[in-house]
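Subject: Structure handover

Hi,

Here is the structure for you to look over. My notes on what turned up follow below it.

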Amino acid sequence: MKKYILSALVLATSLVACTDDYQDWANPQAVEQPAIATFDEGSVSSVDLIDFANIPDNQTTVKVCNITAPSSSDMSYNQVSYRLVDGMHEYYDLSNDGYMSVADLKTYIETWYGKAPVVRDIPFQVEEWISNGTTSIKVGGLGIVVNAKLTAPEIYPHFYVIGAPSAWDPTCTTLPFKHSDVNVYDDPVFTVMFPVENGDTWFAFVDDKTVEAVNDWSLVFAAREGNGKNLIGEKGSLCRRNELDAEAGDGSFMVSVNNDAKFIKVTVNLLDGWYLIEKINFVDYIYLPGNAQGWNPGTASALKHEGNGLYTGFAYMDGDFKFTQERAWAAEYNNGSFSTCSDDFSLGDGQGGNISFTGTPGVYYFEVDVVNGDLKATRVEKIGLIGDFNGWGADFEMTWNADELCYEAQNPGITAAGWKFRMNGDWAVNYGGALDNLTKDGSNIDAVGTTVKFYPTRSTKDNIYCTVE
């Protein structure tokens, strides 16, 4: 029986040959089978810890194993190559002395194990292949463990604002940043929004490490640009105070407001080390383009600003969506803008920042708090008419008209004595007032007619309105 031995531990239960593709050796080939080749004293072994912090920026390869090549008695099969193969059958080319691409190893670890700077013990197989220039044969494979540690800054689960918005105390945790439930090395982005008044507002940031150190101000996060010299509206460089030079001072952040903002929004990426400070003046409406209406902001449902960053309104839901601040693809509130949501939605699954809708298609009433990052939506089980005509008792239920995006009722019996619309048989969400601009908790309506249509989505107008004929 022909054998190709890399060492005593070689897994040589099958041999593989190929021309363009590697194929099972048992499959007949149109090439001559090789003569017997004997490999003596070949071996593979693991190397010491690969610490990416010690790899120079200009170094492109790194040694992942030691290879002692066996000798061959078949001079025609004198081309030897090696592969590093994982359990998912991904493979990477190795040099004959056990080196591979630094970038490939880094990407592999980040993809399968995450970006945290901890020691990973990663099992691989080192495969040996021999070739005569036409046919390649997999000799076998030996198992090794690659010990590696990525380089990354310390990232703690919590991040806070200190200073004028809270208190100048490095242990203050009263104003936390928002963050997803994802591991902080997979999602290193934190956000916060807080109100400001005209004038200069000074602040800084701390994390769990700073808080636990009690009064170590050197661990407070700062703007690398210098004290009060932080950027506004574009990304700046974030660091701890102990990394600053003397000219930068303590690196505290400052935003000056002159009737041009009501809130300040801060976004930080603790892995890449940047911050983004934005002045926020809330728009009157945000819009909800999505799968249900063809991703067209021009015909999307609108939610109205009720104050302090809270938007409310109705939308028909069926698939992923986002919010825009114009009836165009302008500034967005997407899945990264929120930290909590109702059960019928998901913030972590959408592609390209989309928010995922996981509930039953239908009309939903939204309460979207862009300051606190809370997306709340309630399914509309029914819209009913209630008033003097039915003793302000059981609702006269309306029917959803998908073509006109409205609820309609025929011959409800409404009278001039007064009536209103309400959602799900409850007064928590009810509308009244002027027919062309209905408002939540508005006054009783006195119009009379036999056909009533209620348009809640603000798809063609910014108002919620109704018609009575």
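Met88, Trp112 and Tyr113 make a nonpolar surface patch of about 320 Å². Please keep in mind that this is a predicted model. Met88 sits in the loop between strand E7 (79-85) and strand E8 (91-94).

Next, the salt bridges. The structure holds 13 of them. One joins the side chains of Glu110 and Lys106, at 2.6 Å from N to O. Why do Glu110 and Lys106 lie about one helical turn apart? Both belong to helix H1 (residues 102-113), and they are 4 residues apart there, so about one helical turn separates them. In general, side chains of opposite charge can pair when their charged atoms come close.

On to open space. The largest pocket contains about 410 Å³. Its lining has 17 residues, and those closest to the centre are Ser180, Asp187, Asn335, Phe338 and Leu347. By class, the lining of this pocket splits into 9 polar, 5 nonpolar and 3 charged residues.

How many cavities of 30 Å³ or more does the structure hold? There is 1. The largest cavity has a volume of about 90 Å³. Its lining is made by Lys178, Thr191, Val192, Met193, Lys265, Tyr333, Ser337, Val370, Val371 and Gly373. Which strand gives the most to that lining? Strand E13 (residues 189-195) does, with 3 residues. The lining of the largest cavity counts 5 nonpolar, 3 polar and 2 charged residues.

Last, the aromatic rings. A search of the whole structure gives 34 aromatic pairs. One of them is Phe253 with Tyr275. This pair is edge-to-face, with 5.1 Å from centre to centre and 85 degrees between the planes. The pair links distant parts of the chain, as its residues are 22 apart. Phe253 is in strand E17 (residues 253-257), and Tyr275 is in strand E19 (residues 274-280).

Best wishes

Note on methods:
Residues are numbered from 1 along each chain as its sequence is written. This is a predicted model: local features need pLDDT of at least 70, side-chain atom pairs count only at pLDDT 80 or more; totals for chains, interfaces and linings use all residues. Side-chain values use heavy atoms; hydrogens and water are left out. Patches are made of residues with over 30% relative accessible area and no salt bridge: like charges are joined within 9 Å, nonpolar side chains (Val, Leu, Ile, Met, Phe, Trp, Tyr) within 5 Å. Accessible areas come from the Shrake-Rupley method with a 1.4 Å probe; for residues, only the protein chains shown count as cover. A salt bridge is a side-chain nitrogen of Lys or Arg within 4 Å of a carboxyl oxygen of Asp or Glu. Helices (H or I, at least four residues) and strands (E, at least two) are DSSP runs, numbered from the N terminus. On a 1 Å grid over the protein atoms alone, a cavity is a set of points where a 1.4 Å probe fits but cannot get out, and a pocket is an open set with protein on both sides within 12 Å along at least five of seven lines; lining residues have an atom within 4 Å of a point. Grid points are joined across faces, edges and corners, and a volume is the space filled by probe spheres set on the points. Ala, Val, Leu, Ile, Met, Phe, Trp, Tyr, Cys and Pro count as nonpolar, Asp, Glu, Lys and Arg as charged, and the others, Gly among them, as polar. Rings of Phe, Tyr and Trp (its six-membered ring) pair if their centres lie within 6.5 Å; planes under 30 degrees apart count as stacked, over 60 as edge-to-face and the rest as tilted.
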